[in-house]
Amino acid sequence: FERLPEYEGDRWTYALGVDLGWHDATGFVLTCTRRNHPEIYVVAAWKEQHLTTPKIAAEILRTIAKPPVDWLPQYRLTNIVVDTAAGGKIISEDLRQHYGIPCTPAQKPAKLTQIHNVRGMLMAGTLLLYEPTTEQLITEMSVLPWNDERSDHHERFLDDLCDPLLYSSREHSQLYKPEEELPKHGTTERINYDAALAKKAAMAQAAKNARGVGRKWYQQRGR
């Protein structure tokens with residue numbers, strides 16, 4: 001994509017996935033989505049080796065204060081997901097307690113499911129990347145194979161950015177609740193839909209009336 005779509009009434013949510021490393025780089029992936037829309041937009045992806053905890057905190061705080069691109073609508077980064085495997089739990093706690101960064105741990109047991117989810121979104125065209133700032137991620141994705149058991153990425157290939165993409169995209173998947181598309185007026189489907197709603201409302205009102213009669217009868221007996 002070249003720019004995010006902008007329509008009146010849109011509400012945007014942003015998420016930052018962070019995969020911690022030392023010799024393997026620490027990776028950052030910033031994504032966003034519109035409320036009640038399935039598309040997830042990968043805004044930027046970057047990584048760097050040998051980052052200490054203060055430098056990781058500085059990178060996250062810098063991204064909170066200012067996004068990598070300056071045309072994002074309603075930018076407010078509130079969802080930050082950090083890999084807590086190995087020593088990552090200690091770093092994650094440091095980020096929360098010492099730097100005030102509201103990060104949550106990545107759900108590693110659900111990784112295989114999310115790999116399939118991301119592959120599905122790519123094939124369906126609902127995971128969209130802004131190429132000028134995601135070139136390293138695109139390179140990783142183009143060469144990263146399965147392991148022999150097809151349970152994870154192959155350990156001999158870099159996934160410094162593919163992993164944080166899983167973390168951030170999962171945050172959006174949990175928030176997506178598609179709105180019901182109503183049948184068009186005048187169609188048989190809409191007539192049946194409206195009739196079902198009316199019947200449901202009438203049954204609810206009848207049940208309410210019955211409860212009211214019951215309470216009145218009970219109160220009269222108690223006098």
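Predicted model: local features only at pLDDT ≥ 70, side-chain atom pairs only at ≥ 80, totals over all residues.
1. Rings of Phe, Tyr and Trp (its six-membered ring) count as a pair if their centres lie within 6.5 Å, and planes under 30 degrees apart are called stacked, over 60 edge-to-face and the rest tilted.

2. Take Phe 1 and Trp 71: their ring centres are 6.3 Å apart and the planes stand at 85°, so this pair is edge-to-face. The two residues are 70 apart in the chain, with Phe 1 in the segment before β1 and Trp 71 in the loop between α1 and β4. Helices (H or I, at least four residues) and strands (E, at least two) are DSSP runs, numbered from the N terminus.

3. Are these two partners buried or exposed? Phe 1 is partly exposed, at 23% relative accessible area, whereas Trp 71 has 16% and counts as buried. Buried means under 20% relative accessible area, exposed over 50%, and partly exposed in between (1.4 Å probe, protein chains only).

4. Now to the largest nonpolar core, which has 28 residues; Leu 16, Ile 60, Leu 72 and Ile 80 touch the most other members. The elements giving it two or more residues are β1 (12–19), β2 (26–34), β3 (40–48), α1 (53–65) and β4 (77–82). Such a core is a set of buried Ala, Val, Leu, Ile, Met, Phe, Trp, Tyr and Cys residues joined through side-chain atoms within 4.5 Å.

5. Residues are numbered from 1 along each chain as its sequence is written. Local features need pLDDT of at least 70, side-chain atom pairs count only at pLDDT 80 or more, totals for chains, interfaces and linings use all residues, and side-chain values use heavy atoms, leaving out hydrogens and water.
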